[in-house]
Amino acid sequence: MTHPSGIGRTTLPWTGWSAGVYDFNNDGWKDIFAAGGHVMDNAELTSSRKSRSRIWSWSITAAKFETVTLPAEALHRGAAFGDFDRDGRMDVV
């Protein structure tokens, strides 16, 4: 289901860490979150890939996932999920 859903094309060149599957926008459908970054922190020196990556989130729309990325690239290594502010919505740090 990775490629038919559209996630395969988006994620193939990247390494994802701390994936979480929750209903982040409270629309009744599960969403996917992944913090990204290459395994090597200096991948640019030995390949055409970048070490730093964006954070990705996928929301389901019409049986396909819509990719949303945050603009800042960084060397992400993890994420934690929970309702940290106790407002009934899932948070990510």
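Two strands are said to pair if DSSP finds at least two bridges between them. In this predicted model, strands S1 and S2 meet that condition, for they pair in the antiparallel sense over five bridges. One point of this pairing can be named: glycine 16 stands opposite glycine 36 in S2.

## Overall arrangement

The protein has two helices and six strands. Read from the N terminus on, the elements run α-α-β-β-β-β-β-β. Of the 93 residues of the protein, 26% count as buried. Among contacts between residues at least 6 apart in sequence, 38% join residues at least 24 apart.

## Strand S2 and aspartate 31

How many of the six residues of S2 are buried? Five of the six are, so S2 is largely enclosed by the rest of the structure. As a general point, the side chains of a regular strand alternate between the two faces of the sheet.

Aspartate 31 is found in strand S2. This aspartate is buried yet has no salt bridge. The nearest side chain of opposite charge belongs to lysine 30, at a distance of 8.8 Å.

Which backbone atoms does the side chain of aspartate 31 reach instead? One is the backbone nitrogen of phenylalanine 24, which lies 3.0 Å from a polar atom of that side chain. Another is the backbone nitrogen of asparagine 25, which the side chain of aspartate 31 reaches at 3.5 Å.

## The aromatic residues

The structure holds five aromatic pairs.

| Aromatic pair | Centre to centre | Angle between planes | Arrangement |
|---|---|---|---|
| Tyrosine 22 and phenylalanine 81 | 5.2 Å | 35° | tilted |
| Phenylalanine 24 and phenylalanine 81 | 6.2 Å | 40° | tilted |

The pair of tyrosine 22 and phenylalanine 81 links distant parts of the chain: tyrosine 22 belongs to strand S1 (residues 16-22) and phenylalanine 81 to strand S5 (residues 81-82), 59 residues apart. The pair of phenylalanine 24 and phenylalanine 81 also links distant parts of the chain, 57 residues apart. Here phenylalanine 24 is in the loop between S1 and strand S2 (31-36), while phenylalanine 81 is in strand S5.

Are these residues buried or exposed, or do they fall in between? Tyrosine 22 is partly exposed, with a relative accessible area of 29%. Phenylalanine 81 is likewise partly exposed, with a value of 21%. Phenylalanine 24 counts as buried, because its relative accessibility of 18% is under the limit of 20%.

Tyr22, Phe24, Phe33 and Phe81 form one aromatic cluster. Phenylalanine 33 also takes part in a comparison along the chain: its C-alpha atom and that of valine 68 are separated by 9.5 Å, with the two residues 35 apart in sequence. Valine 68 lies in strand S4 (residues 64-69) and is partly exposed, with a relative accessible area of 38%.

## Serine 59

Serine 59 is found in strand S3 (residues 56-61). With a relative accessible area of 16%, serine 59 is buried.

## Loop residues with positive phi

Asparagine 26 has a positive phi of about 50° although it is not a glycine. This residue lies in the loop between S1 and S2, and asparagine 26 is partly exposed, with a relative accessible area of 44%.

Arginine 86 provides a second example, with a positive phi near 55° in a residue other than glycine. Arginine 86 has its place in the loop between S5 and strand S6 (91-92). With a relative accessible area of 77%, arginine 86 is exposed.

## The salt bridge

How many salt bridges does the count come to? The count comes to one salt bridge. In it, the side chains of aspartate 87 and arginine 89 meet at 2.8 Å, N to O. Aspartate 87 counts as partly exposed, at 34% relative accessibility, and arginine 89 is partly exposed with a relative accessible area of 46%.

Notes
Residues numbered from 1 in each chain as written. Predicted model: local features only at pLDDT ≥ 70, side-chain atom pairs only at ≥ 80, totals over all residues. Heavy atoms only, no water. Helix = DSSP H or I, 4+ residues; strand = E, 2+ residues; numbered from the N terminus. Buried < 20%, exposed > 50% of the residue type's maximum accessible area, 1.4 Å probe, protein only. Phe/Tyr/Trp six-rings, centres within 6.5 Å; stacked < 30°, edge-to-face > 60°. Lys, Arg positive; Asp, Glu negative; His and termini not counted. Salt bridge = Lys/Arg side-chain N within 4 Å of Asp/Glu carboxyl O. Polar contact = N/O pair within 3.5 Å; in protein donor to acceptor, adjacent residues only side chain to side chain. Contact = heavy atoms within 4.5 Å.
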